[in-house]
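Please consult the sequence and the structure while reading.

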Amino acid sequence: MGCPEAAGTRPSNGCGEIIVVRLSNRTLSEVNAAIPAPNYDRSVIQTGIVHFGVGGFHRAHMAMALDSLMSMGKALDWGICGVGLMEFDQRMRDALVPQDGLYALTLKHPDGRREPRVIGSITEYLYAPESPFVVLEKMASSSTRIVSLTITEGGYNFDRVTGEFDLNNALVNADLVPGAAPRTAFGFVIEALRLRRERGIQPFTVLSCDNIQGNGDVARKMFLAFARLKDSELAEWIADQVAFPNSMVDRITPVTSAEDLAEAEAALGVSDAWPVVAEPFFQWVIEDHFTLGRPPLEDVGVQFVSDVEPYELMKLRLLNASHQGLTYFGYLSGYRFVHEAVGDPAISGFLLKYMDLEATPTLKPVPGIDLAAYKLMLIERFANPEVRDTLARLCAESSDRIPKWLIPVVHERLAAGGDVRRSAAIVASWARYAEGVDEQGNPIDIVDPLKQELIPIAQSQRTNPLAFIQNESLFGNLSSNPNFTRPYLEALTSLFEQGAHKTVQALA
């Protein structure tokens, strides 16, 4: 005997259980008609970009920009083939492949308004460990003109002290073995360039989209270092022929939550295994240097310039360093979300003082940018309650972030004889947070590649207050500079005796 059909608009299995309709090319017509979705023929898109590291940021940034172009009838020869290298990228494969690369991006406005859309610019996804030679052939194809990267700072394999290529990386060394199937971005990019050279195909551009100062210069240096170890003649050809433009990227993209999943499904009317959410703000500044052309991204708000450095310094030292300024003080003050912390006048006042008095004097002129307005806009962006960016996310990977974003400000200010009280206090707030226990005695889950080294050092600073900053690989010689140690120790003592909130309040 059969089961009665379930009520509702979705099909059932005949026994009352609703079958979830998943987003894909086949079900695109079932997406809520009010939601913008690809209005272009995805079947005619050619792969022009191979991208390593398809995370939330890439899907809210580059992929969105290209989808916008495609919706204007442009750039259909600049489709994206996403590539995952790491074991955790299997989850992205399992999300995107059944969905034909489609996913939802929702912009969350401060007034509560939601702006969802379906993005269609990613037309393929390859999990490299399963099919390394398919990935290589995709990269070696003449249609591929850009290989782009969001592989995080750690993915560039440079020594944090010397800045040179790290020769002790086991995976990198495995990629240097003749005939080995590539496992790292270095192995794939250099082998693909070798194939193109062998076949008489011009080289692609390598475009870093990672949050590193001089990201194109860093990429060039590291990929050439690998290439010289692999094939010195090929390395010289790459040095002469391959473009590595610098770029600056900016959009706050928090981790997708269970609530975001439910919201996306309710808005679309179909299921999306891994939607993305982001703030409305978008910025991308790129050095205009490409070997085989580029999409007309200026038509969707991207800036092409001859020198990216002023823009990236602005972003790294104002936005990124300010994130570090609010996150440890905010967490230790009892907040868990960025908007909550910035809603506290003590914390927002402290951030503005840091930006005005310490970071801004280290910046170069930024063409077309009103820095006073930019700094106020940063506070507004941080305060967006709808994004619900977590302090835990910003507290993670501190040993990669503070040395790159904040310590350069400290060194420049000290060299100029300037005030570093607030920068020193930010470092002290990290040192206090790194003890792994909050002000109520609750454990803190420290997420950092150096946690096993840093936690014991932080816990020893009650008896050796300079212990944390005596780590020269992170702080250089700052522990021997009294113009830094004096305000650092004042802030650290206040954190121990007065607590985070009173400390930041006094500095504001």
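**Cores and helix contacts**

Q: Which residues touch the most other members of the largest nonpolar core?
A: In this predicted model, the largest nonpolar core has 73 residues, and L326, F484 and Y488 touch the most other members. Helix 10 (residues 309–332) gives the most to this core, with twelve residues. Residues are numbered from 1 along each chain, as its sequence is written. Local features need pLDDT of at least 70, and side-chain atom pairs count only at pLDDT 80 or more.

Q: What makes a set of residues a nonpolar core?
A: Such a core consists of buried Ala, Val, Leu, Ile, Met, Phe, Trp, Tyr and Cys residues joined through side-chain atoms within 4.5 Å; buried means under 20% relative accessible area (1.4 Å probe, protein chains only). A second, separate core of 41 residues includes V135, L149, F204 and V218.

Q: Why are helix 7 and helix 8 called roughly antiparallel?
A: The axes of helix 7 (residues 215–230) and helix 8 (residues 232–241) cross at roughly 155°. Angles over 145 degrees count as roughly antiparallel, and the two helices are therefore roughly antiparallel to each other.

Q: Why is helix 6 called roughly perpendicular to helix 7?
A: The axes of helix 6 (residues 185–199) and helix 7 cross at roughly 70°. The range for roughly perpendicular is 65 to 115 degrees, so helix 6 is roughly perpendicular to helix 7.

Notes
Heavy atoms only, no water. Axes fitted to C-alpha atoms, helices over the stretch in contact; angles between N-to-C directions. Helix = DSSP H or I, 4+ residues; strand = E, 2+ residues; numbered from the N terminus. Parallel < 35°, antiparallel > 145°, perpendicular 65-115°, else oblique. Buried < 20%, exposed > 50% of the residue type's maximum accessible area, 1.4 Å probe, protein only.
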